[in-house]
Amino acid sequence: MLIYTAIDDKKKARKIAKKLLAKHLAACIQIQKIKSLYKWQGKLCDEKEFLLCIKTAPKKRKKLCKKLRQMHSYDTPEIACISVKHWDKKYKKWLDKAIRK
């Protein structure tokens with residue numbers, strides 16, 4: 001499973017990533033600098049953000065999303081969960097081991 005969220009600050013993104021990894025809720029989190037354009041409260045926003053691509057297992061989704069909402073600084077954070085149909089066998093084995101507590 002891949003879970004995506006964006007946040008406005010690199011330090012916040014790293015803090016969230018480290019906390020999710022420490023709690024074994026994620027196996028790997030990629031952080032990318034992005035440019036986001038969106039409408040918020042009737043205004044067009046053009047912002048720099050940091051996209052977190054969180055790799056985890058479906059069984060960790062609820063706890064991970066709950067923790068993400070608690071730590072996120074946005075009033076309405078994007079939390080998009082995407083099921084992965086197939087992981088490479090070796091990668092999946094590593095992922096499962098990484099999130100095992």
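## A tour that starts at the pocket

Select strand β2, residues 28-40: this strand gives the largest share of the lining of the largest pocket, 3 residues. Strands here are DSSP runs of E with at least two residues, and helices are runs of H or I with at least four, numbered from the N terminus. You're looking at a predicted model, where local features need pLDDT of at least 70, side-chain atom pairs count only at pLDDT 80 or more, and totals for chains, interfaces and linings use all residues. Residues are numbered from 1 along each chain as its sequence is written, and side-chain values use heavy atoms, with hydrogens and water left out.

Next, pick some of the pocket's lining residues, including Tyr38, Trp40, Glu49 and Asp75. (On a 1 Å grid over the protein atoms alone, a pocket is an open set of points where a 1.4 Å probe fits, with protein on both sides within 12 Å along at least five of seven lines; lining residues have an atom within 4 Å of a point.)

Now show the whole sheet. It's open, with 4 strands in the order β2-β3-β1-β4 and antiparallel pairing; two strands pair if DSSP finds at least two bridges between them. At the edges sit β2 and β4 (80-82), each pairing on one side only. Zoom in on β2 and β3 (residues 43-55), which pair over 13 bridges, and you'll find lysine 39 opposite leucine 44.

Last stop: the helices. Select Lys15, Ile16, Lys19 and Leu20 in α1, which meet Leu64, Lys67, Leu68 and Met71 in α2; contact means heavy atoms within 4.5 Å.
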